[in-house]
Amino acid sequence: MKGFIEISRELCKGCELCVSFCPKGVLSLSDKLNASGYLPAALNDNGECTGCAVCALVCPEVAIEVYRG
Amino acid sequence: MKKIYTRPKSLKTNPFHYCPGCGHSVVHRLVAEVIDELNLQNKTIGIPPPGCSVFAYNYFDVDMAESAHGRGAAVATGIKRAFPETIVFTYQGDGDLAGIGTAETIHAANRGENITTIFVNNAVYGMTGGQMAPTTLSGQKTTTTPYGRDVALEGYPIKMSEILALLEGAVYIERVAVNSPANIRKAKKAIRKAFQVQIDHLGFSMVEILSPCPTNWKMSPLESWQWIDKEMTKEFPLGVVKDRTGRADAD
Amino acid sequence: MNGNSAIGEAAIRAGCQCYFGYPITPQNELTEYMAAHLSRRKGCCFIQAESEISAINMVYGASLVGARAMTSSSSPGISLKQEGISYLAACELPAVIVNMSRGGPGLGSIVAAQSDYFQATRGGGHGDYRTIVLAPSSVQELADLTHKAFDLADKYKIPVILLGDGVLGQMMEPVEFKHEAPAELPVRGDALRGANGRPSKIVKTFTSNPAELEEINWSLFRRYSLIKRQETACETFLVEDAKLIVVAFGIAARIAKGAIKTVRSTGLKVGLLRPITLWPFPVEKVQELTKKVKHYLVFEMNMGQMIEDVHLALEGQGEVSFYGRPGGVIPTPSEVALVISRLYHQKGLK
């Protein structure tokens with residue numbers, strides 16, 4: 001199963017929970033601050049994302065949309 | 001690829017004012033998802049408390065009304081008795097429900113009021129800066145227990161789910177947590193079941209949700225999510241506390 | 001029937017859907033009347049709540065969804081309700097609150113007193129707000145003003161206090177009810193009943209923006225100005241040729257009338273001004289009277305509360321004396337007649 005996620009940069013508060021819980025380790029904090037002063041999470045688009053949606057499940061900010069197919 | 005997860009319709013697009021890693025954000029989303037799934041958006045009234053979640057009305061796209069501190073259960077009673085067709089939920093913190101609101105909560109449950117209570121327990125008074133709450137753990141340091149909660153002076157953490165379970169009118173009470181993917185899934189199931197209890201006119205239902213407060217616990221978001229497993233669940237065990245619905249789950 | 005029951009019957013006939021109360025002397029007959037007569041009516045609800053605080057918050061909930069809702073208590077219980085009343089006022093929600101007042105402060109006494117005047121007329125709870133305050137002085141008026149209270153509450157979206165007392169509540173007098181209970185329970189138009197076919201609504205009182213709260217306060221007080229212009233009510237008795245006017249409300253006004261009839265029979269020219277709305281206080285009537293009458297005797301069963309409003313209304317254009325009996329002691333008409341005569345002669349009035 002292949003997957004893809006979109007993280008809304010400006011909603012993300014850099015809590016790193018998605019980074020910790022991602023079973024594939026494809027998430028990490030970006031090095032560019034957003035307008036609120038947080039370093040948002042970003043997808044390492046190396047094709048490993050399966051669209052399991054655990055990141056969206058834990059994301060407090062509802063910042064993640066998940067695609068699978 | 002198909003989009004398989006997006007923001008629930010009953011959750012407005014306003015960015016949350018809650019701290020990074022706060023449990024309120026997760027709980028709001030779960031409640032909104034349940035409202036969507038059960039098709040309740042146009043008949044729901046939500047009653048948030050004073051506290052960090054006083055602004056819940058900025059997020060839930062349903063009719064919402066403020067309540068005075070602790071009085072949510074009484075307000076919900078008035079609403080439900082005057083207009084039984086509505087679906088009403090109270091959204092209350094630990095100080096609100098287990099401190100100032102103890103009487104209202106106990107008696108609404110005792111009367112079997114057909115309301116759903118979402119009880120967010122983060123063991124601290126968040127909005128006011130981290131004071132001791134009725135559910136603060138023994139030894140836990142807060143701004144009003146700077147040396148750690150001393151049960152000899154300050155009493156023990158209060159277990160409202162177990163207390164309410166003693167009442168005939170309380171039909172379904174479950175304690176969950178929102179600190180891991182597995183727990184979040186279980187929390188959503190419990191919330192859905194609690195709303196279903198109201199839809200089915202069975203009586204009073206409550207979901208107690210152990211929720212992280214990274215800011216006032218002085219931890220990182222991940223540490224706070226882990227602290228719930230390490231410490232909170234020892235005092236507040238997860239699981240069904242009471243279930244007289246005769247059903248295994250919401251459906 | 002007794003006063004407390006008359007309130008209950010009038011409320012039912014006004015379309016009261018929900019009553020939430022708590023036992024406290026001297027208003028229990030009202031709670032019991034609603035238990036007997038409201039609870040079985042279709043769509044209606046009676047709850048003996050766990051406290052007066054719960055009761056007022058249940059009223060808030062019922063009013064939110066558009067129901068005519070009511071609670072009752074006596075002085076100490078009304079103290080408990082103040083936060084809830086402040087919320088009702090802030091949210092512009094109608095409600096009827098009945099206070100059959102008793103002696104205070106503290107647990108006080110269980111007999112009538114008028115020492116809740118300040119509590120009733122100055123908002124009573126925290127923040128800048130007012131509630132309409134109606135002061136009946138007979139069982140018939142208890143019934144009439146109860147009905148009026150519901151109408152005023154809905155019209156102006158404001159809590160209305162019916163300020164009675166222990167004597168009025170217990171008195172047995174004939175009552176004529178001028179209204180029948182409506183066939184359908186009224187539901188307020190702007191109520192919160194689910195976002196069905198319209199955007200969701202928020203009812204709140206909190207704001208983190210002081211400018212917003214300032215405007216809310218101004219807006220409330222613009223409405224209060226309107227109420228002052230349109231709803232102020234009072235009764236005058238034998239004031240046309242009076243040299244001295246007694247100012248009294250509620251049961252004290254009843255007693256004063258008896259006293260005034262007595263002193264009139266001895267040639268003293270005394271009249272009575274009886275405010276019916278304590279808020280808004282009949283300032284204009286006082287200012288009209290003061291063109292001809294310069295002497296006033298404020299008679300209340302307390303240590304002096306309405307007297308402040310009399311002073312404010314007079315703006316120094318008259319002399320004010322005071323006769324008060326607190327604690328639930330009920331003065332007799334002959335006692336008050338003596339006080340009136342003494343004052344009349346002291347002031348050299350002819």
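Me: How many residues of chain B are in contact with chain A?

Reply: The model is a predicted one. Two residues count as in contact if their C-beta atoms lie within 7 Å. On the side of chain A, 23 residues take part, and the number in chain B is 22.

Me: Which element gives the most residues to the side of chain B that touches chain A?

Reply: The elements of chain B that give two or more residues to this side include α1 (23–37), α7 (181–199) and α9 (221–235), together with β1 (2–5). By class, this side has 15 nonpolar, 3 polar and 4 charged residues. The element that gives the most, with 4 residues, is β1(B).

Me: How many charged residues does the contact of α2(B) with α3(C) have?

Reply: From α2(B), the residues that meet the other helix are A74(B), V75(B), A76(B), T77(B), G78(B), I79(B), R81(B) and A82(B). From α3(C), they are S54(C), N57(C), M58(C), V59(C), Y60(C), G61(C), A62(C) and L64(C). By class, there are 10 nonpolar and 5 polar residues in this contact, and the number of charged residues is 1.

Me: Is the crossing of α1(C) and α2(C) left-handed or right-handed?

Reply: Helix α1 (residues 3–13) of chain C packs against helix α2 (residues 28–37) of chain C at an angle of about 40 degrees, with the axes 7 Å apart. That angle makes α1(C) oblique to α2(C). The crossing of these two helices is right-handed.

Me: How many nonpolar residues are in the contact of α1(C) with α2(C)?

Reply: On α1(C), the contact is made by N4(C), S5(C), I7(C), G8(C) and I12(C). On α2(C), it is made by E29(C), L30(C), Y33(C), M34(C) and H37(C). Of the residues in this contact, 4 are polar and 1 is charged, while the number of nonpolar ones is 5.

Note on methods:
Residues numbered from 1 in each chain as written. Chains lettered and ligands numbered in written order. Predicted model: local features only at pLDDT ≥ 70, side-chain atom pairs only at ≥ 80, totals over all residues. Axes fitted to C-alpha atoms, helices over the stretch in contact; angles between N-to-C directions. Parallel < 35°, antiparallel > 145°, perpendicular 65-115°, else oblique. Left-handed = near helix turned anticlockwise from the far one by under 90°. Nonpolar A, V, L, I, M, F, W, Y, C, P; charged D, E, K, R; others polar.
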